[in-house]
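Here are a few friendly notes to read alongside the model. Take them one at a time, with the structure open beside you.

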Amino acid sequence: MQILLIEDDDALAAHVANGLRQSGHVVTHCRDGRHGLMQVSSESYDVIVLDRMLPHVDGMKILAALRATDDETPVLLISALGDVDERVKGLRAGGDDYLPKPFAMSELLARVDVLARRKAPVVESGFLHHADIEIDTLARIVRRAGQRIELTSREFGLLVELVRNVGRVVTRSMLLERVWDYNFDPQTNIIDQHISNLRKKLEIEGRASPIQTVRGAGYMITP
Amino acid sequence: MKNLFRSLSFRLAVTYAALFCGSLALLFAAFFWLAASRPLGAVRTQVSAELAEMETVYAEEGMRELAERLEARARPTSGVDRAFHALIAADGTVITSNLPSWPSQVQTGFYSIEADVYLEGGEIDFSALSRERQFPDGTRLIVGRDAEVVEDRQEVLLATFPVLIALVLLLAVSGGYLMSRAIGHRIEVISAAARRVMGGRLAARVPVHGSGDDFDRLSHTLNLMLEQNEVLFESVRRVSDNIAHELRTPLSRVLAVLDDATADDAADETSVMREAREELARLQAIINATLRIARIEGGRHDSGFAAVDLATIVRDAVELYEPAAALRHLKISVEGPATLSLSADRDLLFQAISNLLDNAVKYSLGGSMIGITLREEDDRARLEIDNEGLPLLAAEAEQVTERFFRGAAASDLPGHGLGLTLVAAIVQRHEGELKVHANGGHTKVAIVLRRRRPADASTKPQE
């Protein structure tokens with residue numbers, strides 16, 4: 001995939017570019033806002049990884065310019081401003097995702113993967129399938145091998161998020177952002193217990209839970 | 001009304017009114033003495049002297065001479081200073097008199113007799129201030145002098161005085177009320193500005209009237225102070241933002257180095273690396289929490305106050321922590337109304353409640369109960385979280401909201417000592433109260449929030 005990285009910190013940029021290339025992406029790097037803005041308006045990318053604070057032209061301005069031309073390229077904002085409300089500001093300005101510094105490479109890769117997929121039109125039929133799991137997202141009913149499984153609304157949300165991103169790592173913070181309707185920082189890895197409960201409920205008739213833990217990153221359902 | 005009586009300006013006005021009434025009374029007393037008491041005293045002295053004189057005349061020269069003297073005395077010399085008398089023999093025969101009537105019984109002391117005189121068809125009012133003596137042979141002698149004018153004056157003065165005082169009091173009290181309202185209004189303007197600043201709007205200033213009066217001078221000084229505070233605060237904020245930025249970038253690089261070292265094969269990750277990664281995550285959490293607390297305390301959190309349902313937020317937070325609680329065989333009970341609306345920032349409230357629940361789950365005795373009570377108290381909402389677990393000392397309970405504070409009993413458990421600091425900052429942002437009661441192993445945390453926001457605090461802080 002074609003990824004544009006706009007980041008002024010060379011060491012961090014080299015690391016991020018390296019990580020993205022290792023995952024099979026093609027990376028173009030811009031060191032400041034002015035070049036970034038030029039790249040954005042002249043070339044087409046699958047995902048843009050954009051630092052919020054840049055020399056010359058601010059990241060938020062680039063984002064605004066992009067959205068003003070109806071360019072819907074997914075943008076992942078990265079920023080040293082890590083507070084929860086900064087995230088809200090970034091998303092409100094048209095960012096598709098927000099990742100505070102410092103971040104683990106795995107977190108960035110997971111988010112880029114999910115964003116790249118989101119660019120493709122998603123047909124919301126109301127039904128999701130994975131192997132023997134069927135989800136009716138409108139009626140909020142989950143069946144495995146035809147047998148109905150009772151889930152709490154959050155467990156349902158977690159499962160939907162994982163099934164929607166089959167084959168991609170979904171990090172804990174991504175799950176928190178998408179399944180819980182609150183912007184907050186949990187003090188502990190509170191998500192793990194919910195996943196553990198979800199797994200137990202999915203393990204019917206000796207079938208293994210499809211949810212894998214990806215160490216140091218998050219969770220994933222393998223295709 | 002209670003506020004009115006407590007206002008300094010009103011109390012000053014009342015004190016002033018009391019002093020004013022006091023001095024008025026003194027002035028009146030002086031005037032009364034000069035205009036009424038003293039002239040009356042003079043008449044009394046004159047009457048007493050004349051009575052004594054007539055008594056001597058009677059004793060030395062007899063009845064006839066006395067009667068002549070009395071009549072001579074009664075002959076008007078001028079219209080004003082009229083003399084009156086009555087000489088009555090022991091058998092009741094009036095020997096001489098120019099008084100229309102007199103008391104039937106002998107009086108001691110002074111008394112007044114109405115002695116109107118008809119002159120050329122007109123009536124002239126006289127009041128004879130009289131005194132009498134009964135001679136040993138039973139003869140009654142009444143001697144009087146006109147005191148009509150003075151007595152009238154005395155009467156008028158006595159009647160006017162209460163009315164005058166009442167009027168002055170009324171004026172003073174209503175004046176005091178108006179004054180305290182005017183001053184109260186000026187003070188309220190200053191307090192409102194102070195509250196705006198406290199609410200995080202550092203750029204807010206006290207409006208200056210423009211008249212250059214005392215309040216304007218005070219406002220001006222306060223504004224200078226606020227300006228200086230803002231400059232200082234801004235520089236502290238810039239420093240802390242820079243620190244955050246400067247710390248986060250190297251942290252990113254360290255994480256990057258660790259990532260690179262293990263990128264090829266996850267099995268390359270040694271326990272040292274894992275430990276380093278965990279410590280980095282801890283450091284990151286501490287930086288994030290510290291900055292977040294600073295932002296909320298400084299009113300820089302871009303908070304969206306809106307009508308929220310506290311009961312729903314509590315239920316959502318409980319749902320988040322139920323699996324973790326179940327793992328420790330803890331039960332969480334929620335009591336209270338099904339909905340409890342208030343004006344608040346839902347994300348912040350959720351954060352605060354989840355921090356409290358996190359603590360309760362972490363520090364409770366395995367198998368115990370975490371009780372959450374929600375109560376509606378007039379214009380307030382009260383949330384209490386009860387749990388039994390690690391003992392918190394009473395002295396520690398006062399310190400738990402301090403940054404990095406950790407109870408002695410909890411020092412072995414994971415945590416940064418910032419969870420309750422964040423809760424306190426959030427509660428303060430909502431202008432609520434946070435109380436932590438410790439009783440042995442029993443800990444109760446109570447949050448009291450206003451259900452409605454004061455109008456000026458709900459506006460967004462200026463960045």
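1. Before we compare two helices, one term: a helix axis is a line fitted to C-alpha atoms, over the stretch in contact, and the angle between two axes runs from 0 to 180 degrees between their N-to-C directions. Please also keep in mind that this is a predicted model.

2. Now find helix α5 (residues 271–297) and helix α9 (residues 419–429), both in chain B. They pack at an angle of about 15°, and their axes are 9 Å apart. Angles under 35 degrees count as roughly parallel, and therefore α5(B) and α9(B) are roughly parallel to each other. The crossing of α5(B) past α9(B) is left-handed.

3. Which residues of α5(B) and α9(B) meet? From α5(B) come Ala289(B), Arg292(B), Ile293(B), Ile296(B) and Glu297(B). Facing them in α9(B) are Thr421(B), Leu422(B), Ala425(B), Ile426(B), Gln428(B) and Arg429(B). Sorted by type, the residues of this contact are 6 nonpolar, 2 polar and 3 charged.

4. Is α7(B) largely enclosed or largely open? A residue counts as buried if 20 or more other C-beta atoms lie within 10 Å of its own. In α7(B), 17 of the 18 residues are buried, so this helix is largely enclosed by the rest of the structure.

5. Next, look at where the two chains touch. Here 34 residues of chain B are in contact with 32 residues of chain A. On the chain B side, α4 (214–263), α5, α6 (310–327) and α7 each supply at least two residues. The largest share, 12 residues, comes from α4(B). By type, the chain B side divides into 13 nonpolar, 10 polar and 11 charged residues.

6. Finally, step back to each chain as a whole. Chain A has 8 helices and 12 strands, and 42% of its 223 residues are buried. Chain B has 9 helices and 14 strands, with 27% of its 463 residues buried.

7. One last look, at contacts along the sequence. Taking contacts in chain A between residues at least 6 apart in sequence, 58% join residues at least 24 apart. In chain B, residues 24 or more positions apart account for 65% of the contacts with a separation of 6 or more.

Notes. Residues are numbered from 1 along each chain as its sequence is written. Chains are lettered from A and ligands numbered from 1 in the order in which they are written. This is a predicted model: local features need pLDDT of at least 70, side-chain atom pairs count only at pLDDT 80 or more; totals for chains, interfaces and linings use all residues. Helices (H or I, at least four residues) and strands (E, at least two) are DSSP runs, numbered from the N terminus. Angles under 35 degrees count as roughly parallel, over 145 as roughly antiparallel, 65 to 115 as roughly perpendicular and the rest as oblique. A crossing is left-handed if the near helix is turned anticlockwise from the far one by less than a right angle, and right-handed if clockwise. Two residues are in contact if their C-beta atoms, placed from the backbone, lie within 7 Å. Ala, Val, Leu, Ile, Met, Phe, Trp, Tyr, Cys and Pro count as nonpolar, Asp, Glu, Lys and Arg as charged, and the others, Gly among them, as polar. A residue is buried if 20 or more other C-beta atoms lie within 10 Å of its own, exposed if 12 or fewer, and partly exposed in between; C-beta atoms are placed from the backbone.
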